[in-house]
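Subject: The structure and what turned up in it

Hello,

Here is the structure to open alongside this note. Please have a look at it, and then read on for what was found.

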Amino acid sequence: MGDITALRLQKAIGYNTTGPAEVLEMLEVERPTPGPHDLLVEVKGISVNPVDVKLRALSAPEDGPKVLGFDAAGVVVELGAEVTDFAVGDEVFYAGDVTRAGTNAAFHRVDSRIVGRKPETLDFVETAGLPLTAITAWEMLFDSFRLAEGAGEGEAILVIGGAGGVGSILIQLAKALTGLTVIATASRPETQDWVRKMGADHVVDHRGDLVAQLAALDLTPSYVAALTATDTHWPAIIEAIAPRGQIALIDDPETLDMKAAKPKALSVHWEFMFTRSMFQTEDMTAQRDLLNRVSQMIDAGILRSTVTEHAGVINVANLRAAHERQESGRVIGKQVLGGW
């Protein structure tokens, strides 16, 4: 009986109490059984995102330890009864579901409707840097801003925090799939070089006067992707954006003066890539479809990896260090880990 029980256990990294990165610990948890629409994936690569450190610091586990992780690439090892479009052995990537246990585990259960096919030209670890940020960026451009592919000629988008994970892929998607002129913000020489490498047409320093810098470029953005410190940049965004412009944000500002957006009749959108999976929306498969598009674009050389840091194998010490790097606010692109 003990041997049978042991076969149902797997390694995972999680925490029992909120706190700094040191609360992360190695766990033995039950290997999940896939539901009707689910895949069970052997995890080969993961990445660390701001949401990981935010939850670790603020979200107390309710029933036993909490396992984080919202990016994975791996191999399908088991199928739910109603899954018809995947097979055991398929190589996949995805960003998971905030309402379920995370990807920092040897095996992970995920709804097949939000899973894409892994790019053939990237390994599992490099691939793990893509899904959450690619979904977020895609949904900002095509769901929040309601841009059509190829649209935006003669207009500009301002990407605040362009060197982060979301900004790095958003710049590329905007250049590849729209006609928008891309203005990215970055404050350090290395981040400014990075956003240019990602394809930004212009770079401005978000630590300086954004309004003056945009005026010097003679550009008035119709779209603003506010990816970080939105509350700090809000007055400049309102002043710089075109009338009837659109703003999308992903961070968690304590307060925003929404009345300031009224004179220009601005639209403000929240982007939260977990919404489709959290509420089981009718269009859940949109995330599967966009991940497949991203995979194809990677293989075609249209998009490039945004990974800058390989943080080692998946163990407690390396994951703690990756969390601490993420909290420093100085990560360029994405951090990834791979292999147990």
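Let me begin with M278, which sits in helix α9 (residues 275–278); helices (H or I, at least four residues) and strands (E, at least two) are DSSP runs, numbered from the N terminus. M278 counts as partly exposed because its relative accessibility is 31%; buried means under 20% relative accessible area, exposed over 50%, and partly exposed in between (1.4 Å probe, protein chains only). Together with F272 and F279, M278 makes a nonpolar surface patch of about 310 Å². Patches are built from residues with over 30% relative accessible area and no salt bridge, with like charges joined within 9 Å and nonpolar side chains (Val, Leu, Ile, Met, Phe, Trp, Tyr) within 5 Å. Accessible areas come from the Shrake-Rupley method with a 1.4 Å probe, and for residues only the protein chains shown count as cover.

A word on what you are looking at. This is a predicted model, in which local features need pLDDT of at least 70 and side-chain atom pairs count only at pLDDT 80 or more, while totals for chains, interfaces and linings use all residues. Residues are numbered from 1 along each chain as its sequence is written, and side-chain values use heavy atoms, with hydrogens and water left out. The chain has a mean pLDDT (the predictor's confidence in each residue, from 0 to 100) of 96, and 98% of its residues reach 70 or more. Over residues 1–6, pLDDT stays under 50, and the model has 0 contacts there beyond four places in sequence; contact means heavy atoms within 4.5 Å.

Now for the inside. A nonpolar core here is a set of buried Ala, Val, Leu, Ile, Met, Phe, Trp, Tyr and Cys residues joined through side-chain atoms within 4.5 Å. The largest one has 81 residues, of which L39, L141, I157, L173 and V195 touch the most other members. Helix α4 (residues 131–144) gives the largest share of this core, 8 residues. Apart from it lies another core of 19 residues, including I160, I237, I241 and L249. Setting aside neighbours within four places in sequence, V195 is in contact with G162, A163, I171, A184, A186, A200 and V203.

On to charges. The whole structure holds 21 salt bridges, each a side-chain nitrogen of Lys or Arg within 4 Å of a carboxyl oxygen of Asp or Glu. One of them joins K175 and D201 (2.9 Å, N to O). That pair links distant parts of the chain, 26 residues apart: K175 is in helix α5 (residues 165–177), and D201 is in the loop between α6 (189–198) and β11 (202–204). D193 and R196 also pair, with their closest N and O atoms 3.8 Å apart; both lie in helix α6, 3 residues apart, about one turn of the helix. Salt bridges that share partners join D38, D97, R100 and R109 into one network.

Finally, E42 and K44 meet in a salt bridge (3.7 Å, N to O). E42 is also 6.5 Å from V77, C-alpha to C-alpha, though the two are 35 residues apart in sequence. V77 lies in strand β5 (residues 72–79) and, beyond its neighbours within four places in sequence, is in contact with R31, L40, V41, E42, V88 and F107.

Best wishes
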